[in-house]
Amino acid sequence: MMPNIKIIDVHKRFGDVVALNGVTLDVRDGEYVCIIGPSGSGKSTLLKIIAGILKPDKGEIYFDDSLVNDIPIDKRGIGLVMQDILLFPHLNVWENITYSPLVRGLSPLLVDELGNEVIGYLDLALDKRMYPDELSRGAQQKVAIARALTAGPKILLLDEPLGSLDAQTAKEFRYELRRLVKDLKLTAIHITHNQEEAMSIADKVVVLRKGRIEQVGTPLELYTSPKTPFVCRFIGGEANFFEGSIESREGLNAIIKLKGGTLLRTQTDIPSGARVVVALRPEDISLTRRNNASFPGFNSLEGIIEEVHFLGPYLRYVVDTEEGLVIVRAKRSARFMKGEEVTLSFNVFHIFPYPKEGLRKAIAYE
Ligand SMILES: Nc1ncnc2c1ncn2[C@@H]1O[C@H](COP(=O)(O)OP(=O)(O)OP(=O)(O)O)[C@@H](O)[C@H]1O
Ligand SMILES: [Mg+2]
């Protein structure tokens, strides 16, 4: 059986810096989990604690039902790829990859077999006699993954494993990585600050912020039901944020009035009079040429196209509205020019109680 990982109320400080502030997380057998969060949010610290490189100040780590807090790294059955790739500099590619099985005392035949198998999996077309300093960062990263795999792990811990690959290679390789983990029936925890990478390969995404878990869910859950403005901004890319308040309520519906006077109608249980934040994703807005005969209804904005950016499959518009600049993502089929008058309409948006810390701080990537 592959291990469940249970992380219970883990805390870790470095002097005055609180790196982890009460993290509780379950990872199931065979699950592919991605941890995302801004720089300094505690991602690497959490991974190092799971690996056994660091000890938590408080809290427990269980693999299945065994407490592993005092189990050393080499007895945890993990394969580890660190953020700052640490290949053995004095060993060549082949020696790096086969280091672990050799140390474990596998027969030369088995070592050969395992090494070649992993190289095959990863499609590593490298001269196996090259030394780490002769390889690109991307190639080093692949060798590091290969080396982690030949350790025969049940759990694969990967800290920014694709961070040094060029964008296109990283995009292709992430699917291979997931396939590999699933084929080998491993449990994987993969850190990235690329939300698109996390969304596209994870069974479950963990959003870490300032040493705490902000939300855990499937990629779809995080995208469709973000619990906080921060998750909404971090998942799915550029959201538009507006401030407003609940103007009135009628049954399950509420009327929201934005700062610039725009009226929205949606279902929410936030009480009348409360200040709110509304998040609107660029891809949830549709643009039409403005028709002066129509009344401005609920859930729409009038604006003027300020900027048009061509992004290949779609266009990105910056539209000047009474609520400020709004970003809209639209298919290429309907084209608008700078200066054109448009109506923005939308049915899907997200509403949050106004954060105590203020909107700017609540969505800051610090
Ligand atoms: N060994 C250390 N000594 C002192 N402070 C540390 C140490 N390791 C981490 N920190 C601090 O703890 C906080 C969390 O660091 P961590 O490396 O876990 O963040 P991260 O989410 O991995 O960031 P990044 O995306 O930049 O890799 C940061 O403020 C960092 O400066
Ligand atoms: Mg890190």
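## Model and domains

Domain bounds are taken from an automatic or database domain assignment. For this protein the assignment gives domain 1 (5–234) and domain 2 (282–348), and the C-alpha centres of domain 1 and domain 2 lie 41 Å apart.

This is a predicted model, in which local features need pLDDT of at least 70, side-chain atom pairs count only at pLDDT 80 or more, and totals for chains, interfaces and linings use all residues. Residues are numbered from 1 along each chain as its sequence is written, while chains are lettered from A and ligands numbered from 1 in the order in which they are written.

## Overall build

The C-alpha trace of the protein spans about 80 × 45 × 35 Å along its principal axes. There are ten helices and 20 strands in the protein; these are DSSP runs numbered from the N terminus, with helices being H or I of at least four residues and strands being E of at least two.

Of the 366 residues of the protein, 37% count as buried. A residue is buried if 20 or more other C-beta atoms lie within 10 Å of its own, exposed if 12 or fewer, and partly exposed in between, with C-beta atoms placed from the backbone. Two residues are in contact if their C-beta atoms, placed from the backbone, lie within 7 Å. Among contacts between residues at least 6 apart in sequence, 64% join residues at least 24 apart.

## The nonpolar core

A nonpolar core is a set of buried Ala, Val, Leu, Ile, Met, Phe, Trp, Tyr and Cys residues joined through C-beta atoms within 7 Å. The largest such core has 86 residues, of which V33, I35, I50, L157, V207 and V278 touch the most other members. Helix α5 (residues 137–150) gives the most to this core, with six residues. Both domain 1 (5–234) and domain 2 (282–348) contribute residues, so the core lies between them.

Strand β9 (residues 204–209) is mostly covered, with six of its six residues buried. In a regular strand the side chains alternate between the two faces of the sheet. In β9 both faces are covered: K204, V206 and L208 on one side, and V205, V207 and R209 on the other, are all buried. Leaving aside residues up to four places away in sequence, V207 touches I36, G37, I213, E214, Q215, L222, V231 and F234.

Two strands pair if DSSP finds at least two bridges between them. Strand β3 (residues 32–36) runs parallel to β9, joined to it by four bridges, and the bridge partner of I35 in β9 is V206. Strand β10 (residues 212–217) runs antiparallel to β9, with five bridges between them; here R209 stands opposite R212 in β10. The hairpin of β9 and β10 has two residues between the strands, and K210 in this hairpin takes a positive phi near 50°.

## Residue I36

I36 lies in strand β3. Why does I36 count as buried? There are 27 other C-beta atoms within 10 Å of I36, so I36 is buried.

I36 touches T192, H193, Q195, A198, V205, V207 and F234, not counting residues up to four places away in sequence. H193 is 157 residues from I36 along the chain, yet their C-alpha atoms are separated by 5.2 Å.

## Other strand pairings

An open sheet of four strands has the order β2-β1-β4-β5, with antiparallel pairing. Its edge strands are β2 and β5 (66–67), each of which pairs on one side only. Strand β1 (residues 5–14) and β2 are joined by eight bridges in the antiparallel sense, and K6 stands opposite D26 in β2.

Strand β19 (residues 341–346) pairs with strand β15 (residues 285–289) in the antiparallel sense over five bridges, with T288 opposite T343 in β19. Strand β16 (residues 300–310) also pairs with β19 in the antiparallel sense, over five bridges; the bridge partner of S300 in β19 is S345.

## Around ligand 1

A residue is near a molecule or strand if its C-beta atom, placed from the backbone, lies within 6 Å of it. There are 13 residues around ligand 1, and F14, S39, K43, S44 and T45 come nearest. β2 (17–27) and α1 (43–51) each supply at least two residues of this shell; the largest share, three residues, comes from α1.
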